[in-house]
Every structure is written in structure tokens, then in C-alpha cells.
Amino acid sequence: MIQLDVTIMGQPYRLACKEGEEETLKQAVQYLDDRMCNIRDAGKVKGTDRIAVMAALGIAAELLASKSSDGPFANMTLADVKQQIAAMHSVLDAALAPQENLF
């Protein structure tokens, strides 16, 4: 087992993972940190424990939707989903580029 020091919502944690799974754990931590910070920054939920529960519920809903036979990702592989996300990022970047000159 490997020990990783990570930070979630400004709080340090030491987590263990199997050798070779460090990058996956780091990505999971980043995803959770982003979700929790977005909930905190929206200002509607107070308390780290409540924020964590709200983030966990959102992530669980995403997971269940992705596993659903009629869900938005039902017939897609993980590579397909990543490719679709990259394409969406490109479209958004192109659409937002002219806006950068306004500020």
C-alpha cells in the first residue's frame, strides 16, 4: 500500500491505495474536492459533513445514471465518454474565446 497526502476543501488527509492506483486516487480526490467546493461556494449548504453528504449523493446519482440501461451513457465506453467531454470542452472554448476580449 502507498500513502498519499491530499487536500479536500482545504483539509489535509492521508489516504492509502494500491501501488499503481495513485493517479486514479488523485483524480478521484480532485473530482470530490471540486464537487464539495462548488457546493460550499454556492452558499446553500453549511457544514463540511452536510457538504460531503450532498456531494456523495450527487456522485451516487451520476453513477446510477451511468449504469442505467436507458441512461445517457448506456451504450458508451469510458473512452467514448471522455471523447465526448473533450469535444464539449472544445466547443465551449471556441464559444467563449471571443468573450475573453471583453474583459
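Guide: A helix is here a DSSP run of H or I that is at least four residues long, and the helices are numbered from the N terminus. With that in mind we can look at this structure, which is a predicted model.

Visitor: In which helix does L63 lie, and is L63 buried, partly exposed or exposed?
Guide: By its place in the chain, L63 belongs to helix 2.

Visitor: How far apart in space are L63 and V91?
Guide: Along the sequence, 28 residues separate L63 from V91. Taken from C-alpha to C-alpha, the distance in space between L63 and V91 is 25 Å.

Visitor: What distance separates the C-alpha atoms of S90 and A52?
Guide: S90 is a residue of helix 3, and it is partly exposed because its relative accessible area is 48%. Between S90 and A52 there is a separation of 38 residues along the chain, while their C-alpha atoms are separated by 31 Å.

Visitor: Leaving aside its neighbours within four places in sequence, which residues is M76 in contact with?
Guide: M76 sits in the loop between helix 2 and helix 3, and with 28% relative accessibility it counts as partly exposed. N38, which is 38 residues away in sequence, lies 27 Å from M76, C-alpha to C-alpha. Once the neighbours within four places in sequence are set aside, the contacts of M76 are V81 and Q84.

Visitor: With which side chain does the side chain of R35 make a polar contact?
Guide: R35 is part of helix 1. Apart from neighbours within four places in sequence, the residues in contact with R35 are A55, G58, I59 and E62. At 2.4 Å, the polar contact made by the side chain of R35 is with the side chain of E62.

Visitor: Which element gives the most residues to the largest nonpolar core?
Guide: This core has 13 residues, and L4, M9, L25, V29, M36, I39 and I51 have the most contacts inside it. At least two residues come from each of strand 1, helix 1 and helix 2. One of the residues with the most contacts, I39, is in contact with K44, V45, I51, M54 and A55 when neighbours within four places in sequence are left aside. The element that gives the most to the core, with five residues, is helix 1.

Visitor: What value is the phi of M9 near?
Guide: M9 lies in the loop between strand 1 (2-8) and strand 2 (11-17), and at 13% relative accessibility it counts as buried, because buried means under 20%. Most residues other than glycine have a negative phi. M9, a residue other than glycine, has a positive phi, near 50°.

Visitor: Which element provides the largest share of the lining of the largest pocket?
Guide: The largest pocket is lined by 17 residues, and Y31, L78, V81, K82 and I85 lie nearest its centre. Two or more lining residues come from each of helix 1 (22-42), helix 2 (48-67) and helix 3 (78-100). The largest share, six residues, comes from helix 1.

Visitor: What is the volume of the largest pocket?
Guide: Rolling a probe the size of a water molecule over the atoms shows where empty space is left. By class, nine nonpolar, five polar and three charged residues make up the lining of the largest pocket. The volume of this pocket is about 710 Å³.

Methods:
Residues numbered from 1 in each chain as written. Predicted model: local features only at pLDDT ≥ 70, side-chain atom pairs only at ≥ 80, totals over all residues. Heavy atoms only, no water. 1 Å grid on protein atoms, 1.4 Å probe; cavity = no way out; pocket = protein on both sides within 12 Å on 5 of 7 lines; lining within 4 Å. Points joined across faces, edges and corners; volume = space filled by probe spheres on them. Nonpolar A, V, L, I, M, F, W, Y, C, P; charged D, E, K, R; others polar. Buried < 20%, exposed > 50% of the residue type's maximum accessible area, 1.4 Å probe, protein only. Polar contact = N/O pair within 3.5 Å; in protein donor to acceptor, adjacent residues only side chain to side chain. Contact = heavy atoms within 4.5 Å. Core = buried A, V, L, I, M, F, W, Y, C linked by side-chain atoms within 4.5 Å.
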